[in-house]
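Here is a short briefing on aromatic contacts. Keep the sequence and the 3D view open as you read.

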Amino acid sequence: MSQLRLKVRIGEIEIELDGEGEIVRTIFQELKEDGLGSLMSKKVDNHNMIGNNRILDSKESLVSAQMNEETDQSQAVIENTELPFLGNIVLEGNPRSEKEWLLVYALYSSDNGQKLFTEQDLKLKYDESKRSTSNRMGNFKTNIAKLVTSKFIQAINNSDYKITTLGLEEAKSIIYNTREKIKKNKGDKKSKTAITSYNIVELNLNEEDRINLRTYWGTYKHDKTLDKIILLFNWMKEHKKIDEMGKDEIFTLLRILDENISFNIVSELTNAKHKMNFLLSSNKKSYYKINYMGEDYIKRNLIINGDKVER
């Protein structure tokens, strides 16, 4: 049978006829006599007609067909897009867990979701990427089960698996690192700073001691919280022969004096020891005692002699 190819233009529409000579001549004759209308109800044999065998009755139909063809071609390109070399994935290290690595291996073993794969195929990917270890192989079955539970892969029979649409999306987001990054809003963070608790303790102070303490307190300047701490250590050492105290003893004395305690006593004790060297650590945990530098600081800077003391 002879083959014949004709291009026919009717108005602004061009039709290409390509096929067996007799069929092409018959269609051409019908087009000459009746135009496109006579062909709308006829079926064109796709086995005998090759090429553009769409019969279009308007410019709008022609444009629509062209758009559909372009869409089909673009989808085909997406489906056939080659995956990056597996070695690059290893170097970039985007998978965050062994479960994610296994999903990436499933993507490659399934040829981008085009075919089924087996557990052996996944193990070969471990070897190919040089990531196979006894520990990872020991957890292999567990991670397979995790992928199934997450609906990323699906068992087809006793040996074969397929990667699901959800699994494809997740695997590609891993290898191309397009996962949505969680941004922590600092404004939403709740303070985790622990609030120090204090206790009133027994100091064995009688009424005379309390009067003496208040008199002493009025003899010295104590505008700074550090000054308050040092003065209390010094009074207890001089008047009660107690040379070591902790946070609760300081808290109790400040309460007796009805002083503002809106500061961190523990922090001030630390500063007095490490920054100012006015205190020494005691043998008792979290207890301190005043040293000669703290005592000299009181005599030189805090005592009131009628005039304002330079500090």
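Are Phe117 and Tyr161 buried or exposed? Both Phe117 and Tyr161 are buried. Note that this is a predicted model. Across the whole structure, a search finds 7 aromatic pairs.

**Tyr105 and Tyr126**
- The ring centres of Tyr105 and Tyr126 are 4.8 Å apart, and their planes meet at 65°. An angle over 60 degrees counts as edge-to-face, so Tyr105 and Tyr126 form an edge-to-face pair.
- Tyr105 belongs to helix H4 (residues 98-109), and Tyr126 belongs to helix H5 (residues 119-128).

**Phe117 and Tyr161**
- Phe117 and Tyr161 make a stacked aromatic pair, with 6.0 Å from centre to centre and 20° between the planes.
- Phe117 lies in strand E3 (residues 117-118), while Tyr161 lies in strand E5 (residues 160-163). The pair therefore ties together parts that are 44 residues apart in sequence.

**Aromatic cluster**
- Tyr105 and Tyr126 also belong to one aromatic cluster with Trp101 and Phe140.

**Charges over rings**
- Trp101, a member of that cluster, has the charged end of Arg131 over its ring, 4.0 Å from the ring centre.
- The charged end of Lys284 sits over the ring of Tyr287, at 4.2 Å from the centre of that ring.

How values were computed. Residues are numbered from 1 along each chain as its sequence is written. This is a predicted model: local features need pLDDT of at least 70, side-chain atom pairs count only at pLDDT 80 or more; totals for chains, interfaces and linings use all residues. Side-chain values use heavy atoms; hydrogens and water are left out. Rings of Phe, Tyr and Trp (its six-membered ring) pair if their centres lie within 6.5 Å; planes under 30 degrees apart count as stacked, over 60 as edge-to-face and the rest as tilted. Helices (H or I, at least four residues) and strands (E, at least two) are DSSP runs, numbered from the N terminus. Buried means under 20% relative accessible area, exposed over 50%, partly exposed in between (1.4 Å probe, protein chains only). A charge sits over a ring if NZ of Lys or CZ of Arg is within 6 Å of the ring centre and within 35 degrees of the ring normal.
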